[in-house]
Amino acid sequence: MASLLKNDRLLRALKRQPVDRTPVWLMRQAGRYLPEYRATRAQAGSFLGMAKHPEIACEVTLQPLRRFDLDAAILFSDILTIPDAMGLGLHFVEGEGPKFKRTVRSAADVDRLGVPDMETELRYVMDAVRVIRRELDGKVPLIGFSGSPWTLACYMVEGGGSKDFARIKAMALNDPATLHRLLSVNTDAVIAYLAAQRAAGAQALQVFDTWGGVLSPAMYREFSLPYLQRIARELERGEGEERTPLILFGKGNAAHLEALAASGAEAVGVDWLVELGEAARRTGGKVALQGNLDPAVLYGSPAAIEAQARAVLDSYAEGNGGSREGHVFNLGHGMSPDMNPDHVAALVDAVHRLSAR
């Protein structure tokens with residue numbers, strides 16, 4: 001698969017193989033900071049209107065690649081497609097983000113959930129993967145993704161985003177058995193979902209554990225980590241050169257880097273609250289690392305952006321025995337709508353220039 005790519009830097013870096021320069025892609029690289037995205041969204045009428053139409057999802061996926069010399073495309077979709085397909089009724093409220101019509105707060109609610117059929121309820125996602133692969137025509141690899149079991153559960157129990165995660169933490173404390181059953185169903189669904197994206201053509205896969213960092217270390221080890229480990233262990237990814245790399249990304253996961261590196265995943269994504277050199281030392285070459293520029297750096301001047309990019313690249317090399325191999329440059333979290341596309345161009349250019357071997 002990699003051999004058919006014109007640019008296979010991402011896949012090589014995720015396998016810790018030599019590359020000519022450090023690959024770079026950005027979480028939320030397709031998004032509201034691009035005027036062409038805003039125009040497409042206005043035409044489609046809504047975020048879900050874009051995500052549920054494969055041709056539109058493809059257009060939005062490709063928009064950043066027309067502007068920037070990125071080393072990967074990431075499927076345009078949402079982490080909440082699985083609970084939506086489970087019948088919870090996903091919708092977006094302007095200014096408030098995602099909401100569910102139905103929540104999961106009892107054992108009876110969990111009993112009503114099942115793993116969705118990937119080629120019926122979630123066919124629009126697989127069709128989008130197929131269309132994007134066709135249109136990319138081997139230019140760069142396509143990353144598929146899912147939310148983590150814990151992060152999905154947060155939205156399912158809370159009914160939307162949350163400031164304090166009071167409901168799901170109360171469930172963890174008062175009814176852990178029900179929460180573990182919910183996490184188990186979610187894990188079954190995530191494994192099936194990622195496997196279906198891989199079968200449809202995704203060439204790398206990422207799990208977003210966006211809310212893992214809201215848990216205490218002990219609660220993370222009980223309610224998030226075991227389910228990430230199960231995904232890494234059970235998700236069929238092929239063998240040898242054809243193996244599809246899996247990236248486990250979590251906000252606030254610095255306390256758990258060693259455990260994530262031992263999970264069997266090919267790569268671990270790191271936020272900006274830990275030095276990348278420290279992350280490299282602690283993971284000891286077991287995995288590739290992805291990250292970890294603070295997204296707010298994109299509000300800086302191009303000169304400041306370049307200096308910060310250099311610091312990330314150098315930190316990784318310093319912690320990795322002087323080698324730049326095994327690093328995928330990314331932000332420590334997603335981009336924001338008010339970021340300047342010219343600053344993104346400056347970042348991508350700086351990463352490639354400064355990391356050239």
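Which residues does L347 touch, not counting residues up to four places away in sequence? In this predicted model, the contacts of L347 are L26, L293, L298, I305, A309, F329 and L331. L347 and L179 are the residues with the most contacts inside the largest nonpolar core, a set of 129 residues. Helix α10, spanning residues 176-200, gives the most to this core, contributing 11 residues.

The chain contains 16 helices and nine strands. Seven strands form an open sheet with parallel pairing, in the order β1-β4-β5-β6-β7-β8-β9. Its edges are β1 (73-74) and β9 (327-331), each of which pairs on one side only. Within the sheet, β7 (residues 267-269) and β8 (residues 288-293) are paired in the parallel sense over three bridges. A267 has A288 in β8 as its bridge partner. Helix α14 (residues 276-283) packs on the sheet, where it touches β8 and β9. The direction of α14 makes about 160° with that of β8.

For the chain as a whole, the radius of gyration is 19 Å, which agrees with the value near 21 Å that a compact globule of 357 residues would have. Taken along the principal axes, the C-alpha atoms fill a box of roughly 55 × 45 × 40 Å. Of the 357 residues, 59% are buried. Among contacts between residues at least 6 apart in sequence, 71% join residues at least 24 apart.

Technical notes. Residues are numbered from 1 along each chain as its sequence is written. This is a predicted model: local features need pLDDT of at least 70, side-chain atom pairs count only at pLDDT 80 or more; totals for chains, interfaces and linings use all residues. Side-chain values use heavy atoms; hydrogens and water are left out. A nonpolar core is a set of buried Ala, Val, Leu, Ile, Met, Phe, Trp, Tyr and Cys residues joined through side-chain atoms within 4.5 Å. Buried means under 20% relative accessible area, exposed over 50%, partly exposed in between (1.4 Å probe, protein chains only). Helices (H or I, at least four residues) and strands (E, at least two) are DSSP runs, numbered from the N terminus. Contact means heavy atoms within 4.5 Å. Two strands pair if DSSP finds at least two bridges between them. Axes are lines fitted to C-alpha atoms, for helices over the stretch in contact, and angles run from 0 to 180 degrees between N-to-C directions. The radius of gyration is taken over C-alpha atoms; the globule rule is 2.2 Å times the number of residues to the power 0.38.
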